[in-house]
Amino acid sequence: MIPSSVTDPNWLEKISNNRPTMIIAEGILEYLSQDEVKMLLNRLINYFPQGQIAFDVMSSFAVHSGKDRLKETTGAVHKWTVDHINDVDKLDSKWNRVANLSIFKSKY
């Protein structure tokens, strides 16, 4: 509960980085530009010596399908889309994707 934007580079200093860390970034990355996502992930990777991150992504089809309603109801705009999961791997060479799960393959 840190009152800060994730794009502000100083908020991480308020979190201990002396043990493995699990980061959950659900429903946030799609509101950042690709450059902002890349900078944030790079910052997290460099700050935490050990850990994992779980996050969701949206395809350009999903973003395009709902963009008018999202803008109309909330004023928000999705900026980052991922059509190929391998594009996420290219954001930072220091990380290793352990798994990816598709909502379309989920039994739920």
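# Close-up views of the pockets and selected side chains

**View 1. The second largest pocket.** By class, the lining of the second largest pocket consists of 14 nonpolar residues, one polar residue and one charged residue. Nonpolar here covers Ala, Val, Leu, Ile, Met, Phe, Trp, Tyr, Cys and Pro, charged covers Asp, Glu, Lys and Arg, and polar covers the others, including Gly. The model is predicted, so that local features need pLDDT of at least 70 and side-chain atom pairs pLDDT 80 or more, whereas totals for chains, interfaces and linings use all residues. Residues are numbered from 1 along each chain as its sequence is written, and side-chain values use heavy atoms, with hydrogens and water left out. The volume of the second largest pocket is about 220 Å³. Its lining comprises 16 residues, of which Val-6, Trp-11, Ile-23, Ile-24 and Ala-25 are the closest to the centre. Strand 1 and helix 1 each contribute at least two lining residues, and the largest share, five residues, comes from strand 1. A pocket is an open set of points on a 1 Å grid over the protein atoms alone, where a 1.4 Å probe fits and protein lies on both sides within 12 Å along at least five of seven lines; lining residues have an atom within 4 Å of a point. Volume is the space filled by probe spheres set on the points, which are joined across faces, edges and corners.

**View 2. The largest pocket.** The largest pocket holds about 1,400 Å³ of space. Its lining is formed by 40 residues, and those closest to the centre are Phe-55, Asp-56, Ile-85, Ala-99 and Asn-100. Strand 1, helix 1, strand 2 (51-55) and helix 3 (85-89) are the elements that give two or more residues to this lining. By class, the residues divide into 24 nonpolar, ten polar and six charged.

**View 3. The chain as a whole.** The protein chain contains three helices and two strands, arranged from the N terminus as β-α-β-α-α. Helices (H or I, at least four residues) and strands (E, at least two) are DSSP runs, numbered from the N terminus. Along the principal axes, the C-alpha atoms fill a box of roughly 40 × 30 × 25 Å. Of the 108 residues in the chain, 20% are buried, that is, under 20% relative accessible area; exposed is over 50% and partly exposed in between (1.4 Å probe, protein chains only). Among contacts (heavy atoms within 4.5 Å) between residues at least 6 apart in sequence, 68% join residues at least 24 apart.

**View 4. The salt bridges.** The count of salt bridges in the model is two; each requires a side-chain nitrogen of Lys or Arg within 4 Å of a carboxyl oxygen of Asp or Glu. In one, the side chains of Asp-87 and Lys-90 meet at 3.7 Å, N to O. Asp-87 is partly exposed because its relative accessibility is 37%, whereas Lys-90, at 63%, is exposed. In the other, Asp-89 pairs with Arg-97, and the closest N and O atoms are 2.7 Å apart. Asp-89 has a relative accessible area of 26% and is therefore partly exposed; Arg-97, at 31%, likewise counts as partly exposed.

View 5. Glu-30 occupies the loop between strand 1 (21-25) and helix 1 (34-47). Glu-30 is buried but has no salt bridge, and Lys-79, the nearest side chain of opposite charge, is 12 Å away. Beyond its neighbours within four places in sequence, Glu-30 contacts Asp-56, Met-58, Val-77, His-78, Lys-79 and Trp-80. Arg-43 belongs to helix 1. Arg-43 is also buried without a salt bridge, its nearest side chain of opposite charge being Asp-8, 6.8 Å away. For charge, Lys and Arg are positive and Asp and Glu negative; His and the chain ends are not counted. Leaving aside neighbours within four places in sequence, Arg-43 is in contact with Val-6, Thr-7, Asp-8, Pro-9 and Leu-12.

**View 6. Val-77 and its contacts.** Val-77 sits in the loop between helix 2 (60-74) and helix 3. Its relative accessible area is 40%, so Val-77 is partly exposed. Not counting residues up to four places away in sequence, Val-77 touches Glu-30, Tyr-31, Leu-70 and Lys-71. The C-alpha atoms of Val-77 and Glu-13, 64 residues apart along the chain, lie 29 Å from each other.

**View 7. Ile-2 and its contacts.** Ile-2 is located in the segment before strand 1. Ile-2 counts as partly exposed because its relative accessibility is 28%. Apart from neighbours within four places in sequence, Ile-2 contacts Trp-11, Lys-14 and Ile-15. Between the C-alpha atoms of Ile-2 and Ile-15, which are 13 residues apart along the chain, the separation is 9.3 Å.
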